[in-house]
Amino acid sequence: MTQTLAAKDRIYCAIDTTDLDHAINLASKLSGVIGGAKLGKEFFAAHGPQGVRAVAKTGMPIFLDVKYHDIPNTVAGAIRAVTPLGVRIVNVHAAGGLEMMKRAGDAAREAADKAGVDVPWVIAVTILTSMDQGDLDDVGLKGPIEDRVVKLAELTQKAGLDGVVCSAQEITPVRKALGPDFKLITPGIRPSWAASDDQKRIVTPADAVAMGSDVLVIGRPITKAEDPVAAAQKIVDELS
């Protein structure tokens, strides 16, 4: 996987907004420049499936970043509802457990077949990149972040899902434990010329790819740039 993706296809822009027109405009400009757009809870809460369809009409593949975490039946139902939108990637929380993740994967395959769309990658969130070791300790999750991420990734693979979201700092141990075909989606990515903002565990795009990341989620370095297309192209060029 990491050897076959073109540089531009590795990059998904995090479009975190409730402004539908802005999201459509930005996706339109970036279509063909990068691999896709990530739409999160903020956007989905404001615009729902109709908003996702509107952005998808720009031609941008969609990573629907909704991080479902609930009882297995509820998560399966949610995945079944969003799969017909034709999203490329959708995610759940690995902490929801083995049965929840199994049901999510089954629901995606069944719904895609019924709707006549490609089966999305169903991936699991391990530890949020906004959290550091102190944050984990505060919520009672003892032990090194790396160990917990690997354990959650192993559970995700056991459930039959496609991969995980993890910080680039955990790519090496996850690759070692899970093998070359397990997909790794890496947020918290900041080019050396961009501010770190609220992400505590970050690396540059080139670092992440060198360590084996498949897809890089990059937000403000692109969306807040004076020229988002130029900023996106600069990142692509750095990876080429």
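How does lysine 8 count at 31% relative accessibility: buried, partly exposed or exposed?

1. Lysine 8 counts as partly exposed at this value of 31%, because buried means under 20% and exposed means over 50%. The structure is a predicted model, and this classification is computed from it.

2. Lysine 8 and aspartate 9 form a salt bridge through their side chains, with an N to O distance of 3.0 Å. Aspartate 9 is also partly exposed, its relative accessible area being 29%. As a general point, side chains of opposite charge can pair when their charged atoms come close.

3. A further salt bridge joins lysine 38 to aspartate 65, where the closest N and O atoms are 2.9 Å apart. Lysine 38 belongs to strand E2 (residues 36-40) and aspartate 65 to strand E3 (residues 62-68), so this pair ties together parts that are 27 residues apart in sequence. Lysine 38 is buried, with a relative accessible area of 8%, and aspartate 65 is likewise buried at 8%.

4. In helix H4 (residues 98-115), arginine 109 and aspartate 106 are three residues apart, which means a separation of about one helical turn. These two residues form a salt bridge whose closest N and O atoms are 2.7 Å apart. Arginine 109 is partly exposed at 40% relative accessible area, and aspartate 106 is partly exposed at 34%.

5. Salt bridges with shared partners link Asp16, Lys38, Asp65 and Lys67 in one network. The count for the model comes to six salt bridges.

Key: Residues are numbered from 1 along each chain as its sequence is written. This is a predicted model: local features need pLDDT of at least 70, side-chain atom pairs count only at pLDDT 80 or more; totals for chains, interfaces and linings use all residues. Side-chain values use heavy atoms; hydrogens and water are left out. A salt bridge is a side-chain nitrogen of Lys or Arg within 4 Å of a carboxyl oxygen of Asp or Glu. Buried means under 20% relative accessible area, exposed over 50%, partly exposed in between (1.4 Å probe, protein chains only). Helices (H or I, at least four residues) and strands (E, at least two) are DSSP runs, numbered from the N terminus.
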